[in-house]
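Subject: A structure for you to explore

Hi,

Here is the structure I promised to pass on to you. Have a look at it first, and then read my notes on what turned up.

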Amino acid sequence: MKTLSIKSGFILFSISFLIFSCAPRLSSSFVKEGYTDKTYSKIAVIGISNDLTSRLAFERTAVNLFKNNGINVVQGIDIFPQNMSEKDQQPANLIKIIKDNNLDGVITMSLISTNDGHRYQQGNSYSVPAGYYKVGKHIYQRYITVSEPGYYVPTKSYVIEAVLYNLKGELVEGKETWVWTGESSLVDPYSLQSAALTFSQQMVGQIIKDEIIIPK
């Protein structure tokens, strides 16, 4: 049977169906006008990635942080497998999964772009001996400062986006359900997995601080 990645599946899902004061924050965020119903009974957190390790990093970090703040969330992978078939990703089946699992909210986190660039690295400076000089009866060694030339080093940045969908009420294909979105650009993380961890911390921190979701 032909399968699609979870990323492709939820792009299809979105188009056809969903069409702490010191906490880390995202680069930008936007709340849909009129969004006031901020309590949820059960939210699925879904890391959209073809790489299973990255997906689990997204989901586990966010789920633990949300639970620590009194919000009932579950890992998306327990409900939406990593490689869902094309048939399973049809809107009607996704609606059934949501209803069967009593979900009234979904948060997706996905990598939307990877950018390669360069940054200037200042050269090192150090002192080297440069002869001697005499002051009265004393002889001192002279030093001069030598600076190495600067150079450019390659950089990699990941732009990651999160979207909160409010799935309360009657669900039909084509219903617009997003209520909040945020994104962040992470420069030179150790890996995509570490970027996922950092982003999840930023996302949950901002959602809690801005009261995008309020514990029941």
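Arginine 55 has a relative accessible area of 0%, so it is buried. Please keep in mind that this is a predicted model.

**The overall picture**

The protein has 4 helices and 8 strands. Starting at the N terminus, their order is α-β-β-α-β-α-β-β-β-β-β-α. The protein is made of 216 residues, and 41% of them count as buried. It exposes about 11,800 Å², with carbon and sulfur atoms supplying 52% of that area.

**Salt bridges**

Side chains of opposite charge can pair when their charged atoms come close. How many salt bridges does the structure hold? There are 4 salt bridges, and I will walk you through some of them.

Arginine 55 forms one with glutamate 59, and their closest N and O atoms are 2.7 Å apart. These two residues are separated by about one helical turn, because they sit 4 residues apart in helix H2. Is glutamate 59 buried or exposed? With a relative accessibility of 0%, glutamate 59 counts as buried.

Lysine 96 is partly exposed, with a relative accessible area of 48%.

Another salt bridge joins glutamate 176 to lysine 32, with 2.9 Å between the closest N and O atoms. Glutamate 176 is in the loop between S7 and S8, while lysine 32 is in the loop between S1 and strand S2 (43-48), so this pair ties together parts that are 144 residues apart in sequence. Both ends are partly exposed: glutamate 176 has a relative accessibility of 43%, and lysine 32 has a relative accessible area of 25%.

**Aromatic rings**

Lysine 32 also lies over the face of tryptophan 178, at 5.9 Å from the ring centre. Elsewhere, lysine 168 lies over the face of tyrosine 40, at 4.0 Å from the ring centre.

In one of them, phenylalanine 30 and tryptophan 178 have ring centres 6.1 Å apart and planes at 35°, so the pair is tilted. Phenylalanine 30 belongs to strand S1 (residues 28-31) and tryptophan 178 to strand S8 (residues 178-187), so the pair connects parts that are 148 residues apart in sequence. Tryptophan 178 is partly exposed, at 23% relative accessible area.

Phenylalanine 58 and phenylalanine 199 also form an aromatic pair, this one edge-to-face, with 6.4 Å from centre to centre and 80° between the planes. Here too distant parts of the chain are linked: phenylalanine 58 is in helix H2 (residues 52-68) and phenylalanine 199 in helix H4, 141 residues apart. Both phenylalanine 58 and phenylalanine 199 are buried.

**A hairpin and a surface patch**

Now look at strand S5 (residues 125-135) and strand S6 (residues 138-147), which pair in the antiparallel sense over 9 bridges. Serine 125 stands opposite serine 147 in S6. The hairpin has 2 residues between its strands, and glycine 136 takes a positive phi near 65° there.

Which residues form a nonpolar patch on the surface? They are Tyr133, Val135 and Tyr140, which together have about 260 Å² of accessible area. Valine 135 is in strand S5 and is partly exposed, with a relative accessible area of 45%.

**Some backbone angles to check**

Most residues other than glycine have a negative phi. Asparagine 102 is not a glycine, yet its phi is positive, at about 55°. You will find asparagine 102 in the loop between helix H3 (91-100) and strand S4 (105-121), and it is exposed, with a relative accessible area of 59%.

Glutamate 211 also has a positive phi, near 55°. It is in the segment after helix H4 (192-209) and is partly exposed, with a relative accessible area of 47%.

Enjoy exploring!

Best wishes

Terms used. Residues numbered from 1 in each chain as written. Predicted model: local features only at pLDDT ≥ 70, side-chain atom pairs only at ≥ 80, totals over all residues. Heavy atoms only, no water. Pairing = 2+ DSSP bridges. Buried < 20%, exposed > 50% of the residue type's maximum accessible area, 1.4 Å probe, protein only. Patch = residues over 30% accessible without salt bridge, like charges linked within 9 Å, V, L, I, M, F, W, Y side chains within 5 Å. Areas by Shrake-Rupley, 256 points an atom, 1.4 Å probe, with all protein chains shown as cover. Salt bridge = Lys/Arg side-chain N within 4 Å of Asp/Glu carboxyl O. Phe/Tyr/Trp six-rings, centres within 6.5 Å; stacked < 30°, edge-to-face > 60°. Lys NZ or Arg CZ within 6 Å of the ring centre and 35° of its normal.
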